[in-house]
Amino acid sequence: TIFSTESRSWKIVCGETTGSTGVPTRVCIDERAKKIRSWGMARAWFVNGILPSDPFVLVWRDKGIDRRELLSFIFGNFLYVPVMNIMDIKSTTLDKDKILRILSILEKYQPSVIRGYVSALHVLARFYAKYRDRFKIAPKLIVGSAEYLPPSVWDEIEEIFGCKMINLYGG
C-alpha cells in the first residue's frame with residue numbers, strides 16, 4: 001500500500017499491476033496519491049496538445065475496461081484493443097494477422113493517442129513501417145507504459161509514427 005506523505009485520509013483505491021512480470025500484483029494507493037497521478041497524466045496530455053475529447057486507444061492486456069473507459073467508449077473517444085492474456089500467453093501471441101488487424105483498427109479509428117505496452121507498440125510500429133503503403137495512421141502522441149523503454153526503441157517508434165512519445169513507466 002502506498003500513501004502520499006500528506007495524506008489525511010485512509011481512503012484507498014486498489015488495482016492490479018499489468019502483470020508484465022508474469023503475475024499481476026494488487027497495489028493500493030490512497031485517494032490523494034491517485035489524484036496526484038491523474039493530474040500528472042492530464043498535464044502530460046495537455047502539454048502535448050491532447051484534449052480529453054481526443055480519440056484514445058489503449059493497446060493492453062485482456063483485462064476489461066473500467067467505468068471511465070466505458071463512458072469514453074460510449075461517447076466515441078476511447079477504444080480498447082486487448083493484445084494478450086498474461087495467463088494464456090501462447091494463445092494470445094501477436095502474430096502477423098493479429099497485428100495487421102490491429103493496424104486496420106487504428107487506421108479506421110484514427111486515434112490522437114495510442115497507449116500500450118512498450119513491446120506491443122514496438123511490434124506495431126515495425127509492422128506499420130513495413131506495411132505503410134496499406135495503412136495511414138497519424139497519432140499526435142504515443143504513450144509507452146508498463147515496460148522499460150530503451151532510448152533506441154523510443155526513437156524508432158517516434159520516427160515511424162511521426163509524433164512524440166512519452167514514457168509513463170520511467171527508466
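Predicted model: local features only at pLDDT ≥ 70, side-chain atom pairs only at ≥ 80, totals over all residues.

A: The mean pLDDT of the protein chain is 82, and 84% of its residues reach 70 or more.

Q: Which elements have the lowest and the highest mean pLDDT?

A: Strand E1, residues 12-16, has the lowest mean pLDDT among the elements, at 74. Helix H5, residues 151-161, has the highest, at 97.

Q: How many helices and strands are there in the protein chain, and what pattern do they follow along the sequence?

A: The chain has 5 helices and 7 strands. Their pattern along the sequence is β-β-α-β-α-β-α-β-α-β-α-β.

Q: What share of the residues counts as buried, and what share of the contacts comes from residues 24 or more positions apart?

A: Of the 171 residues, 39% count as buried. Among contacts with a separation of 6 or more, 59% are between residues 24 or more positions apart. The accessible surface of the chain is about 10400 Å², and 58% of that belongs to carbon and sulfur atoms.

Q: How is a pair of aromatic rings described?

A: Two quantities are used: the distance of the centres and the angle of the planes. The structure holds 5 aromatic pairs. In one of them, the ring centres of Trp45 and Phe56 are 6.2 Å apart and the planes are at 35 degrees, so this pair is tilted. Trp45 belongs to helix H1 (residues 31-47) and Phe56 to strand E3 (residues 56-61), so the pair ties together parts 11 residues apart in sequence.

Q: Are Trp45 and Phe56 buried or exposed?

A: Trp45 counts as buried, because its relative accessibility is 14% and the cut-off is under 20%. Phe56, at 15%, counts as buried too. Ring pairs also bring in Phe78, which is linked with Trp45 and Phe56 into a cluster.

Q: What are the distance and the angle for Trp60 and Tyr117?

A: Their ring centres are 4.4 Å apart and their planes are at 10 degrees, so the pair is stacked. Trp60 lies in strand E3 and Tyr117 in strand E5 (residues 113-117), so parts 57 residues apart in sequence are tied together. Both Trp60 and Tyr117 are buried.

Q: Which residue lies over the face of Trp60?

A: A charged side chain can be looked for over a ring as well as a second ring. Here Arg115 lies over the face of Trp60, 5.3 Å from the ring centre. Arg115 is part of strand E5 and, at 13% relative accessibility, counts as buried.

Q: With which side chain does Arg115 make a polar contact?

A: The partner is the side chain of Ser145, at 3.1 Å.

Q: Which residues other than glycine have a positive phi, and at what values?

A: Backbone angles are read residue by residue, together with the location. Gln110 has a phi near 50 degrees; Gln110 lies in the loop between helix H3 (96-109) and E5 and is partly exposed at 32% relative accessibility. Ala146 has a phi of about 75 degrees. Ala146 sits in the loop between strand E6 (141-145) and H5, and at 6% relative accessibility counts as buried.

Q: Where does Asp54 lie, and where does Asn48 lie?

A: Asp54 is in the loop between H1 and E3, and Asn48 is in the loop between H1 and E3. Asp54 is buried, with a relative accessible area of 12%, and Asn48 counts as buried at 19%. Beyond four places in sequence, Asp54 is in contact with Gly49, Asn77, Ser112 and Lys140.

Q: Which residues does Asn48 touch, and how far is Asn48 from Met165 in space?

A: Leaving out residues up to four places away in sequence, Asn48 touches Leu141, Lys164 and Ile166. Asn48 and Met165 are 117 residues apart in sequence, and their C-alpha atoms are 9.6 Å apart in space.

Technical notes. Residues numbered from 1 in each chain as written. Heavy atoms only, no water. pLDDT = per-residue confidence, 0-100. Helix = DSSP H or I, 4+ residues; strand = E, 2+ residues; numbered from the N terminus. Phe/Tyr/Trp six-rings, centres within 6.5 Å; stacked < 30°, edge-to-face > 60°. Buried < 20%, exposed > 50% of the residue type's maximum accessible area, 1.4 Å probe, protein only. Lys NZ or Arg CZ within 6 Å of the ring centre and 35° of its normal. Polar contact = N/O pair within 3.5 Å; in protein donor to acceptor, adjacent residues only side chain to side chain. Contact = heavy atoms within 4.5 Å. Areas by Shrake-Rupley, 256 points an atom, 1.4 Å probe, with all protein chains shown as cover.
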